[in-house]
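I opened the notebook to record what I looked up in this structure, entry by entry. The order follows my own reading.

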Amino acid sequence: MYFTVYLLLLTPAVLAMAGPAASRHLAPAAAVRVLTCLVVTAGVATVWGLSALAVAGLLNVPPVRMRLRSDPRVLAAADPVPWGVGVLAAAVLGVVVVRLLSVWWRRVGDRRVLGAVRAIPAAGDLIVVADERADAYALPGRPGRIVVTAGMLRTLSANERAVLIAHERAHLTYRHHRYAAVAQFAVVVNPLLGRLRDEVAFGVERWADEVAAEAVSSRRIATRSLARAALATACVPGPPRSLAYLRHRITARVAALQGERPVSRWRRVWPAVGAVLAISIALADVGVALARCLNALAL
């Protein structure tokens, strides 16, 4: 474990570089799913690596070793993790837990705030807010809602409004907020995954763009809707919202809609798949080594 566990802790940096490269060869829906798989793998590798170091290292702390009446030579032969490394790993894990709880509590507060919006009378799943700012976003939950301001509706034509509604409805139908939440929590576990989180956020918007373009059977109308809404938002600034129509890399999204519908080229993704398989083997190896360490103590 002494070598494998440190290798395991370096893998998130590798996946953070491999993920965006792989996603460029995939359609948005496939890219989001692959990126989410990578971010989960990296998060699990981080937590498992730190946990193994913490357990194996803390067992070498002199007071713990004396209480367990373990032979230091047997323990060192089973898994030579210095007790200082174990203490450091345990401290980092504690920080991760505190950060996770903080983010979770913040999300609970956000849901409470948005509960007031959900209470506004809706026409089906659509809520129109009397606000002159051009804004639109999906509000996940039960029931899911699409929130659009009056200013946004006045900005767009009927066909463009259809694109907007289809885009936000795609967020609700495919539960894009779950992918975004997984990526957000993974970054809390390991800040090196920030780039993957940003790619997931961009990917869900591209996914919804493609669904909307297909719904109106016109990439040209979808492009025009996105561009016109972006111009209106630039003129009337407002705060960004989660799963908002105009939040992520508008220029890149417009350029993508002006091209052909993307298709997945899975042969280009094999390096990322190979990395995940290698990490899985490393996870198993660390687990076996940790079990060997515990067996040496007859626990």
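**Entry 1: the arginine I started from.** Arginine 261 forms a salt bridge with glutamate 214, with the closest N and O atoms 3.5 Å apart; a salt bridge here is a side-chain nitrogen of Lys or Arg within 4 Å of a carboxyl oxygen of Asp or Glu. Glutamate 214 lies in helix 9 and arginine 261 in the loop between helix 11 and helix 12, so the pair ties together parts that are 47 residues apart in sequence. I also noted that salt bridges with shared partners join Glu160, Arg224 and Arg228 into one network.

**Entry 2: what I am working with.** The model is predicted, so I note that local features need pLDDT of at least 70 and side-chain atom pairs count only at pLDDT 80 or more, while totals for chains, interfaces and linings use all residues. Residues are numbered from 1 along each chain as its sequence is written, and side-chain values use heavy atoms, with hydrogens and water left out.

**Entry 3: the overall count.** I find 12 helices and 3 strands in the protein, where helices (H or I, at least four residues) and strands (E, at least two) are DSSP runs numbered from the N terminus. Of the 299 residues, 45% count as buried. Among contacts with a separation of 6 or more, 74% come from residues 24 or more positions apart, a contact being heavy atoms within 4.5 Å.

**Entry 4: other salt bridges.** How many salt bridges does the rule give? The count comes to 12. In one of them, glutamate 205 pairs with arginine 253, the closest N and O atoms being 3.8 Å apart. Glutamate 205 belongs to helix 9 and arginine 253 to helix 11 (residues 250–258), so this pair ties together parts that are 48 residues apart in sequence. Both glutamate 205 and arginine 253 are buried. I then turned to arginine 197, which forms a salt bridge with aspartate 198 at 3.3 Å between the closest N and O atoms; arginine 197 is partly exposed, at 32% relative accessibility, and aspartate 198 is partly exposed as well, at 40%.

**Entry 5: histidine 248.** I located histidine 248 in the loop between helix 10 (219–235) and helix 11. Leaving aside its neighbours within four places in sequence, histidine 248 is in contact with Ala201, Phe202, Glu205 and Arg253. Histidine 248 and arginine 206 are 42 residues apart in sequence, and 9.2 Å separates them in space, C-alpha to C-alpha.

**Entry 6: the second largest pocket.** A pocket is an open set of points on a 1 Å grid over the protein atoms alone, where a 1.4 Å probe fits, with protein on both sides within 12 Å along at least five of seven lines; lining residues have an atom within 4 Å of a point. I read a space of about 390 Å³ for the second largest pocket. Which residues lie nearest its centre? They are Ser23, Arg24, Leu26, Phe202 and Arg206, out of a lining of 18 residues. Helix 1 (4–23), helix 2 (28–58) and helix 9 (194–215) each supply at least two lining residues, and helix 9 gives the most, with 4 residues.

**Entry 7: arginine 145.** I found arginine 145 in strand 3 (residues 145–149). Arginine 145 is buried yet has no salt bridge, and the nearest side chain of opposite charge, aspartate 125, is 6.6 Å away; in that comparison Lys and Arg count as positive and Asp and Glu as negative, with His and the chain ends not counted. Beyond its neighbours within four places in sequence, arginine 145 has contacts including Arg118, Asp125, Tyr137 and Leu172.

**Entry 8: backbone notes.** The peptide bond from arginine 142 to proline 143 is cis, with omega near -5°, and proline 143 is found in the loop between strand 2 (136–139) and strand 3. Phi of serine 217 is near 55°, a positive value in a residue other than glycine; serine 217 sits in the loop between helix 9 and helix 10 and is exposed, at 68% relative accessibility.

Terms used: Grid points are joined across faces, edges and corners, and a volume is the space filled by probe spheres set on the points. Buried means under 20% relative accessible area, exposed over 50%, partly exposed in between (1.4 Å probe, protein chains only).
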